[in-house]
Amino acid sequence: MQYFRRLSLIRSSFRLLSSSIVDVTPSTIEKELYEINKLMKTYNNTHVPIRTIALFEWMLNIINIKPDFNCYLNIIRACGELNNLNICQNIHKYIQNDQTLKIQEYHQLQIKLIYMYSKIKNIQSAEQIFQQVKTIKNLPIDISLFGTMFKGYNMNGQPNKTIELYENEILNNKIIELDAISATCLLSACTDCHRLDIGEYVHDEILRLGLLDPPNIRLATAIMNMYCNCGSIDRARELFNQLLPIVDNVAYSTLMKTYLSINQPVEVLNLFKQLQSSSILPDSFIYLNIINACNQLGLMHQAENIHRIIPSYIIERNLSLHSGLIDMHAHCLHLNEAYRLFNLLKQKTNISLANLLHGYAINGQGQQALKLFEKVKSELIFNEQVYKMILYACAYTGGLVHEAQDIYKIIPDKYKTSQVAAAMVSTLARASLFDEAESFIHQYKPKSQNISLLWSTFFMVCYHSKNLQYAKLIYDHITDDPLLLLLFSDMTNSLPSNEIINYFQQQTSGICWTEIENNDKTNYIIYKFDDNNLSKFSSLYSELNIVINDLKSIGINWKIYENDLKKLFCGHTAIRLAIVTHLILTLPTTSIQLTTTKSICHVCHEGIKQLSLLKQRDIILRDNIRVHHFHHGQCSCHDQF
């Protein structure tokens with residue numbers, strides 16, 4: 001209401017509600033322009049650009065006042081927010097015809113117009129202005145022109161053009177130097193295009209030009225983000241350490257997300273401890289990162305500790321955090337806590353439901369999953385992810401084929417994707433209904449051109465159930481998948497091609513994590529075992545040999561031998577050393593919990609089963625497929641993994 005009052009005051013001051021021509025003194029015009037610009041700025045800052053446009057038109061057509069430079073700045077900003085091409089073009093034309101503008105003012109307005117057109121996704125008009133401005137005589141080209149064009153390309157999903165423009169017109173140009181804004185835009189393009197070469201060069205230029213002195217945290221974070229996304233996490237961490245203690249939440253979050261992407265959740269938790277010792281208050285993004293780190297680790301006590309740290313009022317008002325906690329507890333063996341958190345949600349979502357169902361699925365608790373599915377079906381319209389998870393809950397539990405078939409019948413056709421169909425194939429095959437699984441795939445084929453996932457799922461069950469007959473029948477459907485070819489070679493005791501072996505040797509190494517209570521019982525220490533970096537655990541091998549001999553006495557061979565194909569996809573030694581560490585450091589009655597990034601093989605599975613009996617230890621292992629609860633020589637998966 002106050003805006004309309006001010007507008008009325010402006011109108012009444014000219015006494016022109018019915019006239020289009022006003023006779024006012026220059027001083028009056030100057031004062032009124034000041035008031036108009038002030039009001040336009042207020043409209044823009046409060047996100048009502050249409051009022052800025054209306055005020056501009058009223059100023060031109062009713063009170064007949066000519067806009068000044070500041071007025072143009074305000075109206076261009078409003079046009080960019082309004083996203084109306086016709087209005088943008090009219091304003092552009094009006095500015096072009098204004099002969100009273102000084103050359104520097106005109107130049108600045110052209111740069112603003114480039115940004116305006118970029119915001120409304122009309123990059124062609126932005127490019128035209130850019131090229132026109134470059135050709136204006138007696139006007140030195142400054143970096144702000146290029147920086148705005150960089151930003152325009154990035155905003156319109158064309159970071160490659162940002163890099164192309166830089167390479168063609170600035171890289172070897174000794175006249176134009178980068179500033180902090182243009183460098184930030186350029187680094188963003190390098191991030192999106194994974195151009196480490198250009199990114200490193202820009203970093204060197206930033207140092208040469210002193211753009212980080214005094215420290216510029218936004219620019220520094222852009223450099224870190226570029227290194228993180230281009231696979232140079234060590235360079236990013238080095239810069240991060242140099243900037244301490246002025247780094248902010250964004251810098252911490254950037255590093256955390258990258259560590260999560262390369263399976264280094266322990267580094268995320270270490271960063272969080274470092275943040276806690278600083279003056280920085282964690283935000284919801286930081287909390288979400290540490291929740292995801294605990295999710296990757298899958299370790300119970302780490303999850304409990306992190307949940308205690310997050311203030312309850314932040315969880316209550318942030319749905320992503322709430323859903324993340326459900327997912328974390330569901331994957332860290334706290335299914336009751338995950339269920340409690342799910343029930344606390346005022347508005348249930350498919351994401352939170354799918355997270356909880358997946359927790360039930362990997363723990364083989366299909367009955368609980370079905371009860372939950374039935375309970376909430378009146379509250380939600382299920383999506384593909386929910387249907388997939390409830391079917392996998394049936395598959396991993398066993399004995400729920402009919403329930404899965406009934407669910408599949410009611411799934412809308414648009415959600416019967418290859419992912420959902422693969423879950424149904426898994427359910428049938430795990431119940432040893434191999435003929436039915438094969439028939440299902442053939443019936444599904446006309447609905448989708450991509451059924452490779454269904455055959456892959458079918459083969460994986462054949463492999464784990466040692467059904468060589470069916471594995472041979474479907475071999476022709478899996479020849480494009482290196483993992484399945486390796487597994488087939490393992491089944492048939494044949495040697496795979498050197499190409500496949502080399503492929504797996506170049507893959508990311510397997511990691512196994514476990515946690516052991518420290519001596520003063522105040523915390524749990526995380527132990528990390530990396531397949532490619534086990535030399536520091538050499539002192540454990542003598543104890544491992546004792547375990548190997550114990551298992552050998554009951555017919556299980558845990559000795560690693562040359563050409564052992566299973567070690568390429570299982571990571572025997574990391575898992576086994578983690579177990580040995582527990583046998584040495586913990587009391588005989590202590591349960592052992594492990595998480596591995598790879599899939600457990602038959603030999604390790606059988607050996608751990610027998611160890612749970614020999615050592616009278618409950619052993620819980622989460623691999624990249626499901627959770628195995630070993631107890632007194634039995635496994636919760638019933639050897640279906």
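1. Which helix gives the most to the lining of the largest pocket? Helix 27 does, with six residues. Keep in mind while you look around that this is a predicted model.

2. Now the largest pocket itself. The space in there comes to about 910 Å³, and 37 residues line it. To find the middle on your screen, pick out Met460, Leu483, Ser599, Asn624 and Ile625, the lining residues that lie nearest the centre.

3. Several helices give two or more residues to the lining of the largest pocket: helix 21 (350–362), helix 23 (384–397), helix 25 (418–430), helix 27 (452–464), helix 29 (482–491) and helix 32 (566–569). As for the kinds of residue found in that lining, 15 are nonpolar, 15 are polar and seven are charged.

4. On to the second largest pocket, which holds about 670 Å³ of space. Its lining is made up of 29 residues, and Tyr115, Lys151, Ile181, Cys185 and Arg218 sit closest to the centre.

5. Where does the lining of the second largest pocket come from? The elements giving two or more residues are helix 4 (69–82), helix 6 (103–119), helix 8 (143–155), helix 10 (180–193) and helix 12 (217–229). Helix 10 has the largest share here, with eight residues.

6. One last thing to colour by is residue class. Around the second largest pocket you'll get eleven nonpolar residues, eleven polar ones and seven charged ones.

Note on methods: Residues numbered from 1 in each chain as written. Predicted model: local features only at pLDDT ≥ 70, side-chain atom pairs only at ≥ 80, totals over all residues. Heavy atoms only, no water. 1 Å grid on protein atoms, 1.4 Å probe; cavity = no way out; pocket = protein on both sides within 12 Å on 5 of 7 lines; lining within 4 Å. Points joined across faces, edges and corners; volume = space filled by probe spheres on them. Helix = DSSP H or I, 4+ residues; strand = E, 2+ residues; numbered from the N terminus. Nonpolar A, V, L, I, M, F, W, Y, C, P; charged D, E, K, R; others polar.
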